[in-house]
Amino acid sequence: MSIYEVDSFKQIIIDVKRTHPGEAFSSKISKSMLTRILFVWAFKHPASGYVQGINDLAATFMYIFLAEEIDRINRESEGRKSVDIDLEHNAYDLKLEDVDLIEEEKIQHIEADTYWCLENFLETLQENYTEHQPGVHKIIARTEQIVMKKDKELMEFLEAADYVPSKFVYRWVNNILSREFNVQQLIMIWDKIIAEEEDITTYLPYV
């Protein structure tokens, strides 16, 4: 491997270990999938390369596909139909042992689906992950403009306290809110963001 690939792989390994703390992501299967997904993405995007934060985005998509497959397995084992509604059942409450129930072929499908969701999701966010992250700074600037326009008093208070949006919005934008909410809340927020006709960079400052 090239020096670039070795450095990327080392950083990916570090980040995968601390991605989405919880039972499902402590699985060797989950970690291996996420590592491969991120390495392939970095290999295909040398202009930006792998950037910390992309691991959280990929993990969220992977969690959705894992939950879907595990729910299907559980429904079949319990004799429940896909149309049956169980308000007490939480399909996103994944356990370590649940991941081991998934067949190898399904694992490969989940890995591929996660990769292509990540690829499409980041299509309009490339500037967020290139050198100096100009896309992130544009969104931060737009957020500050919105706050100033909608609540000038609040903005002046934040400036006086030396706690302007740029000091906390960066993390929100860099990880698309994935470190601010639990995965179930995040999925609902992303569902709304992705469903919007405007691209993510236009809509995100209003979130």
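In the predicted model, lysine 167 is partly exposed, its relative accessible area being 48%. Its salt-bridge partner is aspartate 162, with 3.1 Å between the closest N and O atoms. Aspartate 162 is exposed, at a relative accessible area of 52%; the cut-off for this class is over 50%.

This pair belongs to a set of nine salt bridges found in a search of the whole structure. A further salt bridge joins the side chains of arginine 179 and aspartate 56, at an N to O distance of 2.7 Å. Aspartate 56 is buried, with a relative accessible area of 5%, while arginine 179 is partly exposed at 42%.

Within helix H3, glutamate 76 and arginine 72 are four residues apart and therefore separated by about one helical turn. Their side chains form a salt bridge with an N to O distance of 2.7 Å. Glutamate 76 is exposed, with a relative accessible area of 56%, and arginine 72 is partly exposed, at 32%.

Helix H3 (residues 54–78) also packs against helix H2 (residues 28–44): the two axes come within 10 Å and cross at roughly 130 degrees. H2 is therefore oblique to H3, and the crossing is right-handed. H2 contributes Ser30, Met33, Leu34, Ile37, Leu38 and Trp41 to the contact, and H3 contributes Ile54, Asn55, Ala58, Ala59, Met62 and Leu66. Of these contact residues, 10 are nonpolar, two are polar and none is charged.

Key. Residues are numbered from 1 along each chain as its sequence is written. This is a predicted model: local features need pLDDT of at least 70, side-chain atom pairs count only at pLDDT 80 or more; totals for chains, interfaces and linings use all residues. Side-chain values use heavy atoms; hydrogens and water are left out. Axes are lines fitted to C-alpha atoms, for helices over the stretch in contact, and angles run from 0 to 180 degrees between N-to-C directions. Helices (H or I, at least four residues) and strands (E, at least two) are DSSP runs, numbered from the N terminus. Angles under 35 degrees count as roughly parallel, over 145 as roughly antiparallel, 65 to 115 as roughly perpendicular and the rest as oblique. A crossing is left-handed if the near helix is turned anticlockwise from the far one by less than a right angle, and right-handed if clockwise. Contact means heavy atoms within 4.5 Å. Ala, Val, Leu, Ile, Met, Phe, Trp, Tyr, Cys and Pro count as nonpolar, Asp, Glu, Lys and Arg as charged, and the others, Gly among them, as polar. A salt bridge is a side-chain nitrogen of Lys or Arg within 4 Å of a carboxyl oxygen of Asp or Glu. Buried means under 20% relative accessible area, exposed over 50%, partly exposed in between (1.4 Å probe, protein chains only).
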